[in-house]
Amino acid sequence: MKLIAVQVARLLGALVAVYAVLLLVCLVLVPLGSGGPRLDTARAGNTLFITEPKYAFMTRSQLDTTTDKVILLGASNVLVGLRQDQIQPRVPQLEVHSLAVSGSNITQVGQVVDLVHEVQSPAARKHTTYVIGLWYGLFADDSARWHTPDRVAGDTDIDIERYRYGFYRRTPEGPVPLLPPRYLQAGTVLVHPYLVLDRATRDATKSMRSFISGKSAATTDEERNAIVLTKAQQDQYLSFWHDYMGSTDELKEAQFQTLRRVVDGILVEGGEVVLVDLPLPAWHSQRSPLWRSYASHMEPTLAALQTRPGVVVVRMGADNRDDDFGDEVHPKPRVAPLWAARLAKTLNAEGDARQANLARDSASGLHVE
Amino acid sequence: MTLTSLGFVAFALVVALLSNASRSVEWRSWVLLAANGAFIVSYVDRPLHLLPLAAFLLLCFSSIELVRRRPSTAALWVALTSILASFVLLKKFSFLSDAWLLPFPYLLMGLSYVLFRALHLLIDARQGELKEPVSPRDFFNYTCNFLTFTAGPIQRFEAYRAQRQQPLVLDEPRVFQAFSRIVLGFLKVAAVSAVFDNLFQTVSGRLLEAHAAAAFSAPAFALAFVAAAVCYTVYLYYNFSGYVDIVVGVGWLCGQDLPENFNQPFLARSFLDFWSRWHMTLSDWFKTYVFNPLLKVLAARFRSAKAGPYLAVAAFFVTFTIMGVWHGTTSVFVIYGLILGAGASVNKLWQVLAVQRLGKKRYKALAETAPAIYVSRGLTLAYFALALTCLWVDLAQLFAIFGRLGVLGTAACYFGLALGAAGAFFVWDSLSGRFARLQLGEHAAFRGVAARNLGLALQILLIATVASFFHKAPEFVYRAF
């Protein structure tokens, strides 16, 4: 018995020693990972965090400030269409961050809101406006979206990041933090060697992985602006989304209730919400039963939500041409500034209204920070 | 409790510490009993889910005791039939109608290996080799040992009983050796096999997805198929042999000397040689309880001396076909069995004909030349890797793949892979030979307690690093069989 205990102690000692040396070497050679002055998951690939979910999970601590800020949430059409770097100059009075994650559904969007709330003080939460980009893909059922062979059934991409370095532990009720969120930055330093090794390994194997997975190289903005889809490509996209959404033509009401819960969760903490109904090319929306299902669920949902103080709805469906889209859902790069301007207009108008309200409340002695 | 989880590591450590808490063999046996119970219970949510396993164990135990007390051929056949019928029913073989199946979920894991151990006891009881009765505790500890319950190795009862009666004595080198073996096992399962599983999933995903597969040209499709087959083979080997390393290492700490299941299978120069190195305890079991009795029956039926070698060909075909079919409950495993059977019988036939034509001496001399060795190794690996396709596709997918490849494409895949493997083996042997000559492990700097533990720590960090790359811990593949 003693021999086994001694061996365990020796091994643990050796582990601590080796890891300490590794951490020291990595800290000296590679600067700590940072999200930059404004968070933008679109830049994740250029950071030590590499992927959008990991970037969102690891960098969120810096959102714990009482500066007025906007956080963009949603899937890849938010990343491509509502670009942080194009919106920020149009709303200089606000901090604009993007924590949109490709492939998100509304469950994952809700998780990102929870992650932000975890690291924010109650005061910081009151200065946060969430912009959520909506479209039918965001309402994919969890059983279709997150039950894939490459993951533990039901784990979202955010869940995977929660468990990856042991910051959370898995329980039957869901992930539970092992590392208190206030120590997130310390945890990020502690796992620095893993971040470095992950980055180094991915960089070293990038070409091989692209070759094996058959993914083509990234296209340039010019190439994406010039894309014209054929009928066959449109059919392929429609078929893809039918399969992706769980081989169904109907969306479930439960996911729209999740949206209402997410909005409630933000409002109850004093935050605000801008719901952006994102457009699709007409050939897509007209031929997709899923879009029709989305529209029939969304109309009453948005109508109910926009009556609530702190919620604004932006409908971007009008004034779009099929030629504005590089594929079935993402706008071309030349269109993104127009989307950014539309959103900025709403944000500025809301900001002005808020300032006016604050000034009025202040003048009448009602405002209490 | 999956074997690759931290929960299992903690569990195994507690069992090892408790096993060493007293020198009493009775104490160790009770600790093992409690550990086995806890391990099995960890896989179910409700007691009802254990009921079929408990009933199956009871049936096996009572059958063995009955045959031991009244060893007759009739009793043996009744017992064999009832045990095998229960097994087929509980395993939900696909040819069974739903009306035959139990209408609730239950624990299926471990059933195959319980069956192997029970049949071994039953046949030995019939042959009068089981002199003393097996106590219920010993029966449970032997058939449901938490280390071998999932997928073996299949220990013989005599070996289990001998170890059970020996007091556990550990020394420092043995403890370190056990820890090294366990860490090596995790390195194989959680790092090497996980990487190859990831590669395999990526490539096979494209092969099996109709749109992606259609985009492949014929040579690219063949190349992708070979790549998937190789990745699956490497994944399977490291996954299974890593599992064996873990359970053997934990066994050493708990006073169990479990049999080895692998002996460098990729050194095999023929299909039959391969199966004497791969999943060895399963091969031995089939040799003892299927091949040998079958050969005996055939020899009694066909007494001609000239027929002797050909009887072995037939016996190999039947044995390997059954062994292949054992791997699963659907029709694709029948194909797998036939491929294994064909491989074994053709291999035997080749040996018989080559010896007849060349003479034993010339054949042996030819087989010992370097080109013959590497080509044989390549052909063996290629055959096994392509046969394993049956374990990662269903019947429709199997026909789709080989239909697209055609006879020529399949032959090109086989010989191309064989030649590639032969070249790779040659390069590997040359490099590892040069590395071995450096004798780093023998250097004093690497032999101290601190250095050896630092080496283990590095391996653990490597495991943790690779595990952090993937979204879930790799499953232990053989638990499904």
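The model is predicted, so local features need pLDDT of at least 70 and side-chain atom pairs count only at pLDDT 80 or more, while totals for chains, interfaces and linings use all residues. Residues are numbered from 1 along each chain as its sequence is written, and chains are lettered from A and ligands numbered from 1 in the order in which they are written.

**Contact between the chains**

Chain B places 29 residues in contact with 24 residues of chain A; two residues are in contact if their C-beta atoms, placed from the backbone, lie within 7 Å. On the chain B side, two or more residues come from each of α1 (6-19), α8 (172-208) and α18 (449-469). Helices (H or I, at least four residues) and strands (E, at least two) are DSSP runs, numbered from the N terminus. The most is given by α18(B), with 11 residues. By class, this side of chain B has 19 nonpolar, 7 polar and 3 charged residues. Ala, Val, Leu, Ile, Met, Phe, Trp, Tyr, Cys and Pro count as nonpolar, Asp, Glu, Lys and Arg as charged, and the others, Gly among them, as polar.

**Domains of chain B**

The bounds below come from an automatic or database domain assignment.

| Domain of chain B | Residues |
|---|---|
| domain 1 | residues 21-164 |
| domain 2 | residues 172-258 + 439-469 |
| domain 3 | residues 265-438 |

The C-alpha centres of domain 1 and domain 2 of chain B lie 30 Å apart. Their contact takes 7 residues from domain 1 of chain B and 9 residues from domain 2 of chain B. The domain 1 side has 3 nonpolar, 3 polar and 1 charged residues.

**Sheet and helices of chain A**

In chain A, 5 strands form an open, parallel sheet in the order β2-β1-β3-β6-β7; strands pair if DSSP finds at least two bridges between them. Because β2 (95-98) and β7 (311-315) of chain A stand at the edges with a single partner strand each, one side of each is left without a neighbour in the sheet. The twist averages 20° from one strand to the next. Strands β3 (128-134) and β6 (272-277) of chain A pair in the parallel sense over 6 bridges, and Y130(A) stands opposite V273(A) in β6(A). Helix α16 (289-305) of chain A packs on the sheet, touching β6 and β7 of chain A, and its direction makes about 150° with that of β6(A). Axes are lines fitted to C-alpha atoms, for helices over the stretch in contact, and angles run from 0 to 180 degrees between N-to-C directions.

Helix α13 (231-244) of chain A has 14 residues and reaches 20 Å from its first C-alpha to its last, close to the 20 Å expected at 1.5 Å a residue; the expected span is 1.5 Å times one less than the number of residues. G246(A), whose phi is positive, near 95°, follows α13(A).
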